Every structure is written in C-alpha cells, then in structure tokens.
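Q: Hi! Could you walk me through this one?

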Amino acid sequence: MNDNAPPLTSQLVLIGGGHAHVHLIKMMGMPPYKKILTEHGISVTLITRDVNTPYSGMLPGYLAGFYSFEDIHLDLRKLCSF
C-alpha cells in the first residue's frame with residue numbers, strides 16, 4: 001500500500017455487469033484513470049449476481065456454433081482485479 005495515497009473519501013458503486021459498466025471498469029484499470037482514482041481517494045465497487053457476463057455482440061455466432069460459452073463471456077472478477 002502506498003503511504004502517500006490519500007484516504008478513501010469517495011466510493012463509486014456500479015450495479016450490474018452490463019456493457020457500460022464493463023467498459024468503465026476496463027478504463028478505470030488503465031494507468032491514467034487508475035492514477036486519478038488513487039489520487040482522489042475513490043474506490044470502485046461492482047455489485048452483480050454473475051461472475052461471467054456475456055458479450056451480446058458475439059451471441060449470434062454462439063447460437064450458430066462458431067463460439068463456445070467461454071468465448072463469449074467476460075470474467076468480471078478478473079476484470080475487477082485492477
């Protein structure tokens with residue numbers, strides 16, 4: 001833990017692991033955004049009932065047999081581990 005980091009003062013709570021939240025979580029794990037969150041004492045929490053969320057853009061290919069279940073699902077636990 002960084003001793004120079006400010007205390008957590010704000011919490012962003014995301015409900016559900018849909019497209020918008022997946023994109024937001026991905027961005028927040030990238031260095032420029034992660035730095036901003038740390039500097040401003042913001043923590044991020046995702047509340048969802050599912051660990052794996054489907055990427056709907058690949059659903060037609062899944063139904064046609066081109067993709068497996070694993071191919072079209074994102075692991076939210078892994079995504080949130082930044």
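Q: Where does the model come from, and how are residues numbered?
A: This is a predicted model: local features need pLDDT of at least 70, side-chain atom pairs count only at pLDDT 80 or more, and totals for chains, interfaces and linings use all residues. Residues are numbered from 1 along each chain as its sequence is written, and side-chain values use heavy atoms, leaving out hydrogens and water.

Q: How many helices and strands does the protein chain have?
A: There are five helices and four strands, counted as DSSP runs (helices H or I, at least four residues; strands E, at least two) numbered from the N terminus. Their order along the sequence is β-α-α-β-β-α-α-β-α.

Q: New topic: how many salt bridges does the structure hold?
A: Two. A salt bridge here is a side-chain nitrogen of Lys or Arg within 4 Å of a carboxyl oxygen of Asp or Glu. Lys35 pairs with Glu39 at 3.8 Å, N to O, and Arg49 with Asp50 at 3.6 Å, N to O.

Q: Which helix are Lys35 and Glu39 in?
A: Both lie in helix α2 (residues 31–39), four residues apart, about one turn of the helix.

Q: Is Lys35 buried or exposed?
A: Lys35 counts as exposed at 51% relative accessibility, while Glu39 is partly exposed at 45%. Buried means under 20% relative accessible area, exposed over 50%, and partly exposed in between (1.4 Å probe, protein chains only).
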